[in-house]
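Please view the sequence and the structure before reading on.

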Amino acid sequence: MREQSTMVTDLLQTDIDHATLVHDLQGEIIAAAREAQAAAYAPYSNFPVGAAVLLSDGTIYRGCNIENASFGLTVCAERVAIFNAIADGRMDIVAIALVTTAARLAKPCGACRQVISEFSQADNPIMIVSTCAGGDVCVEPISALLPDNFTLL
């Protein structure tokens, strides 16, 4: 699902860098991640997660975790959001927001970190915005979560 706010349209009328875009739209991507979290299918872990991917033009894609009785087939919210964007032909990811019901911050798992890193460019690293039920928010580049990432390119 895609959405774009009028605030985004206003911001994009000027030359704005990605760090500013993430800062200015942090509330919007967290809200989109919370909406996605409501759709999570997590009957085994009871740990619903929502994610929202912010693209360079302000478009937002959502994703939620989807569990399966065969645990290896479970998919994390971050990858669902990223794959939704990619399936729509978009790879210009600026940030990804992650929302959980945990009392403290939860960061992306290793598999998600690798996927996020795959679509992060050196001159435009993807920012991770994590928040939790306790209200804490952390914003950090993917390079802080996955230094020396694996790549074939």
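Helices (H or I, at least four residues) and strands (E, at least two) are DSSP runs, numbered from the N terminus. The model is predicted: local features need pLDDT of at least 70, side-chain atom pairs count only at pLDDT 80 or more, and totals for chains, interfaces and linings use all residues. Residues are numbered from 1 along each chain as its sequence is written, and side-chain values use heavy atoms, with hydrogens and water left out.

**Positive phi angles**

Most residues other than glycine have a negative phi. Asn-46, in the loop between helix 2 (18-37) and strand 2, and Asp-148, in the segment after helix 5 (142-145), have positive values, as the table shows. Below, a residue is buried under 20% relative accessible area, exposed over 50% and partly exposed in between (1.4 Å probe, protein chains only).

| Residue | Phi | Relative accessibility |
|---|---|---|
| Asn-46 | near 55° | 61%, exposed |
| Asp-148 | about 55° | 80%, exposed |

**Strand 2**

Strand 2 (residues 50-55) has six of its six residues buried, so the rest of the structure largely encloses it. On one side lie Gly-50, Ala-52 and Leu-54, and on the other Ala-51, Val-53 and Leu-55.

Two strands pair if DSSP finds at least two bridges between them. Strand 2 runs antiparallel to strand 3 (residues 60-64), joined by five bridges, and Leu-54 stands opposite Ile-60. These two strands form a hairpin with four residues between them, and Gly-58 in the turn has a positive phi of about 90°. Strand 2 is also antiparallel to strand 4 (residues 93-99), with six bridges; here Gly-50 faces Val-99.

**Helix 3 and helix 4**

Helix 3 (residues 77-87) and helix 4 (residues 110-118) pack at an angle of about 25°, with axes 9 Å apart. Axes are lines fitted to C-alpha atoms over the stretch in contact, and angles run from 0 to 180 degrees between N-to-C directions. The two helices are therefore roughly parallel, a term for angles under 35 degrees. Contact (heavy atoms within 4.5 Å) is made by Glu-78, Arg-79, Ile-82 and Phe-83 of helix 3 and by Ala-111, Cys-112, Val-115 and Ile-116 of helix 4.

The buried residues of helix 3 include Ala-77, Val-80 and Ala-85. Among the elements that cover the buried residues of helix 3 are strand 2, strand 3, strand 4 and helix 4.

Notes
Angles under 35 degrees count as roughly parallel, over 145 as roughly antiparallel, 65 to 115 as roughly perpendicular and the rest as oblique.
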